[in-house]
Amino acid sequence: MTESDQNKGRSRILKWLEEATDARILSIPRLFGLLYGPIEDRLPLGEAWRASMRRRLPASVGWKHAFGGATYFLCMILVLTGVMLSFYYRPSTVEAYPSLQYLESEITFGWLVRHVHFWAASLVVLTALVHLFRVVLTGTYRAPRETTWLMGIMLLITLLAFVTSGYLLPWDQWAYWTTTYGLDELAKYPVVGGLLSRLFSVDEFVSGATLSRFYATHVILLPWVLLLLLSLHFQLIRKHGVALEGDVSGEGEPFFPHHMLRQLVVALITLAVLITLAAFFPRPFGPPADPFTVPGELPALGFPVLILVGAARLPLGIGLYGLPLLLIALAALPLVARTGESAFTRRPVAMGLFALFLLLLMVSLIAGLGPGVPPSVGGN
Amino acid sequence: MRSVLVSSIAVLSWVTPALSQETMAGFLQEEYSCIMCHTDMRTGFLQGVHSGRGILCTDCHGGDPSQFEADAAHTEGFVGSMSKTEAVDLCLSCHGDLPQMRQFALEPVTEEEFLFSRHGRALLEDRNLLAPSCGDCHGSHAILPRTDPRSPVHPARIPETCSSCHSDPTRVPEGLPTDQLEQWQESAHGVALMAGHNERAANCASCHGSHSALPPGVLEIPNVCGKCHQLVRETYFRGPHGQAGPSSSGGIPCTACHANHETTMPPLSEIGSVCVSCHEEGSSAGVAGLELQEQVLRAQAAGSRARDALHILAEAGETIDDEEVRFLTVETHLRELLVQAHALEPEALDDLVRRISSLSTEIGERADVVEEHRWERQLLAIPAWVLLVFGILLALRKRRKLVAPVEDSSVGQGEGTES
């Protein structure tokens with residue numbers, strides 16, 4: 001009784017709002033993936049909200065479906081810490097390094113924001129890859145979810161672009177010379193390579209103009225791309241729902257609160273891991289960037305940069321051409337395997353491609369762990 | 001017709017650069033015919049320092065350059081290849097003449113100077129033709145200034161030039177060692193010059209002289225080394241070795257501890273053992289040597305502690321302007337300490353060691369604070385994990401409550417195995 005009294009008390013305005021507004025207004029939370037499943041536009045707001053939140057997921061949905069959520073959670077952490085970093089960071093050759101020194105040593109918990117941002121950037125690529133692995137394993141990239149899958153691959157590429165554009169910003173020797181190396185490697189791609197490399201480096205060498213362009217890409221251009229791709233990704237998941245898997249069918253638990261609680265647990269674990277990594281393994285400051293001194297050794301910092309640098313180091317262009325080609329091949333998977341078996345043993349092409357992709361990632365990771373060789377100055 | 005034109009253009013275009021080079025060097029083909037036959041000497045001579053200063057073949061060799069026939073050209077006091085002693089006289093006729101040398105900012109070389117060297121005495125007095133003449137070091141036709149890296153008397157090439165005779169036992173007097181080049185290459189001087197490309201590092205001529213080349217005498221050595229190591233020289237003369245002078249058995253020169261060709265700094269941890277190679281162990285000098293070693297090692301350890309602390313501060317993103325200045329002072333003091341150590345008085349170093357230690361401690365204290373902060377940061381992991389465990393427990397409990405009454409047991413078990 002008391003519960004219903006409370007409801008009566010608070011809900012007068014809400015009730016009016018619910019009746020006066022229809023589900024179309026929910027397009028905004030839907031954009032950010034906060035609602036589940038398709039909803040009829042003309043339902044009253046409250047009903048639409050409940051219908052959406054309470055929608056039951058297929059019975060096959062379990063813990064393995066939490067990695068997409070973890071990736072999303074890490075993206076949000078990155079946006080939040082990124083905005084906080086931008087309050088203090090100054091994107092110029094003179095001020096970038098000291099502004100981070102100031103953030104690290106003078107601002108309360110400035111160090112935490114910086115290192116959580118650094119580690120979240122590593123973890124987000126890892127969870128995205130695990131999410132990708134789950135999708136390939138369960139075969140849910142096939143029709144009608146081809147576009148969702150394509151958006152997913154593009155999101156992975158966007159995350160890698162975030163990592164590479166953010167890597168230069170600390171403006172220390174490691175950032176500077178790894179970026180120099182990366183731009184030299186980028187220039188090796190035929191036709192567009194030189195053009196792209198020039199577009200981002202602007203100058204003959206990595207300079208203040210390069211820093212400006214990397215910063216703008218990192219904080220203006222890429223966030224819009226991410227937002228666009230993420231909202232498309234979510235819209236499509238809402239439209240198609242989570243795929244039924246082979247033998248496990250029928251309705252399972254509702255999205256809220258059952259699956260949300262799962263996501264909460266995963267988010268808590270992610271957060272605790274992030275804080276621990278940030279406190280125990282902070283990204284150290286290298287010496288300030290110096291275009292006239294090639295550092296004696298050039299460590300690659302962070303899991304995605306290790307992979308990218310390692311891939312570039314592989315002989316015969318295995319990594320340089322193999323990685324993008326495999327990503328394109330993976331993106332094209334739904335075209336090849338539009339119908340057919342969902343059990344992964346009956347999809348040799350998809351699994352073979354994915355195994356090759358994983359193998360290349362592993363080999364690149366190992367190559368990246370080796371001692372860093374500074375780039376030859378001016379050599380392409 | 002056309003083919004003749006083409007071929008003549010081809011021939012002309014091949015010949016022209018050579019002709020223009022000669023004209024530029026001040027030669028006119030009609031007046032100067034030596035190089036028409038002696039093509040093998042032409043290129044070297046044209047690159048040399050003399051051709052650009054109006055000195056021609058005839059100035060050294062005589063003859064009539066306007067004649068194209070060999071017999072007619074080789075008249076009028078023509079001298080062909082000359083002996084080593086004749087060459088010395090010929091070179092000195094200009095290079096010993098101050099008014100002629102002044103304009104080129106060259107020091108005149110006199111016969112007296114050359115005679116002072118063992119080379120000069122062997123050649124001019126003993127008529128030993130194995131001894132070098134001017135051309136053996138400077139070249140004969142392609143004579144280049146010593147600033148030219150191609151010149152055999154360029155600082156970086158002198159060791160090689162000297163050793164072309166001195167590493168050959170058949171060309172040096174009996175009993176003279178022939179492994180100086182190898183020793184020098186291992187020395188601090190050799191490494192600085194050859195690997196570090198420091199042309200001011202000592203080569204053979206820096207210590208032995210060039211035209212008056214002779215090993216320096218024992219009592220001259222501190223002054224010879226002191227030409228570059230000026231502060232060390234001053235300190236050395238304040239100490240017991242420098243004070244000993246000629247009174248003891250010839251003096252104790254720099255080379256007593258540092259060797260002559262294989263000149264290196266003895267490892268700082270072996271200073272004591274260098275001392276007892278002459279002094280008796282336990283003697284006052286031996287004990288002083290050990291004390292000296294201890295002082296230097298203590299200062300060096302303080303210096304490396306300061307470097308480590310600076311590294312910790314830099315990696316942690318601290319602003320280290322003050323600490324960098326302190327560290328520069330530490331490095332300056334360390335250099336000063338190594339200079340002052342040549343006075344061989346351990347007590348004289350006390351002040352410097354104390355200053356190095358105190359600066360190092362100042363840097364170290366800040367690094368300690370940063371290390372402590374790092375530890376405090378790591379404590380943050382505790383609330384993070386406590387929160388995590390509580391959060392997970394709460395969420396799982398809520399889930400179990402939600403799942404139990406609504407779903408049948410099979411779904412619940414399925415969830416359990418998956419998690």
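This is a predicted model: local features need pLDDT of at least 70, side-chain atom pairs count only at pLDDT 80 or more; totals for chains, interfaces and linings use all residues.
Me: What makes Val219(A) partly exposed?
Reply: Val219(A) has a relative accessible area of 34%.

Me: Where does Val219(A) sit in the fold?
Reply: Val219(A) is found in helix H10 of chain A.

Me: Which residues form a nonpolar patch on the surface?
Reply: Ile28(A), Leu31(A), Phe32(A), Leu34(A), Val219(A), Ile220(A), Trp224(A) and Leu227(A) do, and together they have about 720 Å² of accessible area. Two elements give two or more residues each: helix H2 (27-31) and helix H10 (208-240) of chain A. H10(A) supplies the largest share, 4 residues.

Me: What about Cys257(B)?
Reply: Cys257(B) is in no disulfide either, with the nearest cysteine sulfur, in Cys275(B), 6.7 Å away. Over all chains the count comes to 0 disulfides.

Me: Why are Cys162(B) and Cys257(B) called partly exposed?
Reply: Cys162(B) comes in at 29% relative accessibility and Cys257(B) at 37%. Both values lie between the 20% and 50% limits, so both cysteines get that label.

Me: What makes Arg377(B) and Glu104(A) a salt bridge?
Reply: Their closest N and O atoms are 3.2 Å apart. The rule asks for a side-chain nitrogen of Lys or Arg within 4 Å of a carboxyl oxygen of Asp or Glu, so the pair qualifies. The count between chain A and chain B is 1 salt bridge.

Me: How much area do chain A and chain B bury between them?
Reply: About 2600 Å², with 64% of it on carbon and sulfur atoms. In terms of contacts, 33 residues of chain A meet 26 residues of chain B.

Me: What about chain B by itself, how many helices and strands?
Reply: Chain B has 24 helices and 0 strands. Of its 419 residues, 29% count as buried, and its accessible surface comes to about 26100 Å², 58% of that belonging to carbon and sulfur atoms.

Notes:
Residues are numbered from 1 along each chain as its sequence is written. Chains are lettered from A and ligands numbered from 1 in the order in which they are written. Side-chain values use heavy atoms; hydrogens and water are left out. Patches are made of residues with over 30% relative accessible area and no salt bridge: like charges are joined within 9 Å, nonpolar side chains (Val, Leu, Ile, Met, Phe, Trp, Tyr) within 5 Å. Accessible areas come from the Shrake-Rupley method with a 1.4 Å probe; for residues, only the protein chains shown count as cover. Buried means under 20% relative accessible area, exposed over 50%, partly exposed in between (1.4 Å probe, protein chains only). A disulfide is a pair of cysteine sulfur atoms within 2.5 Å. Contact means heavy atoms within 4.5 Å. Buried area is the accessible area (1.4 Å probe) that two parts lose on being put together, summed over both.
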